[in-house]
Amino acid sequence: MHLTHGMPMHAAIHKQTWRKTVGDGSDQGNSQQDDQPTQTEELVPKRGATSVAWTWFGYKKTDVDQTTVVCKVCRLPVPTTDSNTTNLFYHLRKNHEKEYRESQRAKTAKAASSGDVSAQNKLQTQTLQQAFTRGTPYSHSSRRWKEITSAVAKHISKDMVPIYTVEKHGFCELVQTLDPRYQMPSRKHITKVVLPDLYDACRAKVEAEIHKGMFYATTTDMWSSRTTHPYISLTADFINQDWNLCSRCLQTSYFPEDHTGEMLAKGLRESLQLWGLQEDRLVCVTTDNATNNILALQLNEMTRLQCFGHRLHLAIERSVKLREVERAVGVCKKIVAAFSNSWKRRRELAKAQADQNLPLPPHQLITETPTRWGSMQTMVERVIEQEKALSQVLRADKKTRHLVPTWQDMDVLESMNKALSPLKEFTDALSGELYPSVSYLKPVLHLFNNQILKHQDGDTELTTTIKEGILKYLNEKYDDQTTQDLLDIASLVDPRFKTTYIKQERVDYIKTRAAAELQKLVAEQTEAVPLSAPSVTAVGQDEQEEVPAKKKKKSLSSYFKTSAKPSQVAPHSSRESIEASIS
């Protein structure tokens, strides 16, 4: 039987006729002919068949148990197991191409028909479920309604979206799709009830957290909104009980009064009283160099710490106020503006960057932001990088040919970039909120004077002039007695630096002052906390191990060496312990 399996019907009949003619295997040939149904013999369908494949297959009437499947086209038996149609479709595909295509069309049509019925039943079930759920909206006192309303309020406050978002059709439709039983409260309810409750809860949490810290420092600044309304912000930094540095923005208040030093002093004092913060626990206040801020802190007799990023920004601005530098930077600004205002030029720039003769990275130009520290240097650096592509595009347009930088301009820009590029790492690193940075100021200034901004072989006259101008400005601004005391104390208690960057004639004075402060702190802790509280030495070690791990970029500590020395003899008194920890 297997000799003719898979052959067309006329080939199988021809082969059997040839066997009878030559007389080879007549008995076996007759047996096969008896087993196969004739062309006119009717085949019965499979009992309980549901697959479309059985349209072309059946069983002989004499096969009562329906064990041998027979193809209706070629009348050959097809081996298959019960209820398995894989071999049947395979037989059609190999031997009967027309019937196989018809079987596939029938199979697809049947699947689509059953799918429509299933989808209709599913839609009907969902419709019934929605009918029941939509008919019973959440009560405003239910836990689920309060959770969703609180989430909406957090979205408004954290993402700073307008409160009228709760009235927008798209947002309401989104919330209804997520939970049909939730009914959006009115804009007035969000404004008068939900957001104030959220503020009170957040304020209570922050107030309890900041009061657990023994000391704190603040940062304050004045700024204007897009509608030119004046605001004043106050941020507090403190160390919690787990010795983690925390930063919390306490308030951003509307400040319509005149921005005089007297009014700022009054507003700052009222803000501290409003939060229940004691002024004698205030270490310092960080501000910019505005004269009204300086006067306000003088009137309140508060220690002021100058923002290093702002000082560095001003130092750079003052050092580059040279005629040749201003001209070259002005050319850079005009070039950036020419490409920012023209899509055609940006397209041509992309083509020039992809040119094999000018293999340049596909970078966009950078626009200078006057209030963003370091933006001028990044603008200049990008123009230097793309100078060949920029010149090619500008020369091709007669309206911009005059903007092509000359070789004198490029020399000035390269000299300027060589002096300023090493400083951009310090701007971001010293503006971090998640790690202490005040103890770095003395080491960084020392690093500027002795390495980063020191004259090097190959520096042009302009590069040297810029470096000297930056150093002179920074050294003058951080040379006052109050600032030096604060920075020296911060460096002393940092186990990485100790007295390394303190002037030799000031070491004994700073150690005596630090010991007195620490002894006072130990006395207060003895009354308020258990004896098992962590010691100053352990804190320094934890700080030394954890701080660098928090920084993703290159850390400032990589520029310095650790100078902490473990104590060899166990001290017997608190005074001796303090002196040993700071020595």
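Analyst: Let's start with helix α11 (residues 323-340) and helix α15 (residues 407-420), which pack at an angle of about 100° with their axes 9 Å apart. Axes here are lines fitted to C-alpha atoms, for helices over the stretch in contact, and angles run from 0 to 180 degrees between N-to-C directions. Helices are DSSP runs (H or I, at least four residues), and strands are too (E, at least two), numbered from the N terminus. So α11 and α15 are roughly perpendicular to each other (65 to 115 degrees counts as that; under 35 is roughly parallel, over 145 roughly antiparallel, the rest oblique).

This is a predicted model: local features need pLDDT of at least 70, side-chain atom pairs count only at pLDDT 80 or more, and totals for chains, interfaces and linings use all residues. Residues are numbered from 1 along each chain as its sequence is written, and side-chain values use heavy atoms, with hydrogens and water left out.

Who touches whom? On α11, the contact (heavy atoms within 4.5 Å) is made by Glu324, Val325, Arg327, Ala328, Val329, Val331 and Cys332. From α15 come Asp409, Val412, Leu413 and Met416. Sorted by class, that contact has eight nonpolar, no polar and three charged residues (Ala, Val, Leu, Ile, Met, Phe, Trp, Tyr, Cys and Pro count as nonpolar, Asp, Glu, Lys and Arg as charged, and the others, Gly among them, as polar).

Elsewhere, α7 (187-211) gives the most to the lining of the second largest pocket, with α5 (143-158) and β6 (245-254) each supplying at least two residues. By class, this lining has 16 nonpolar, three polar and six charged residues.
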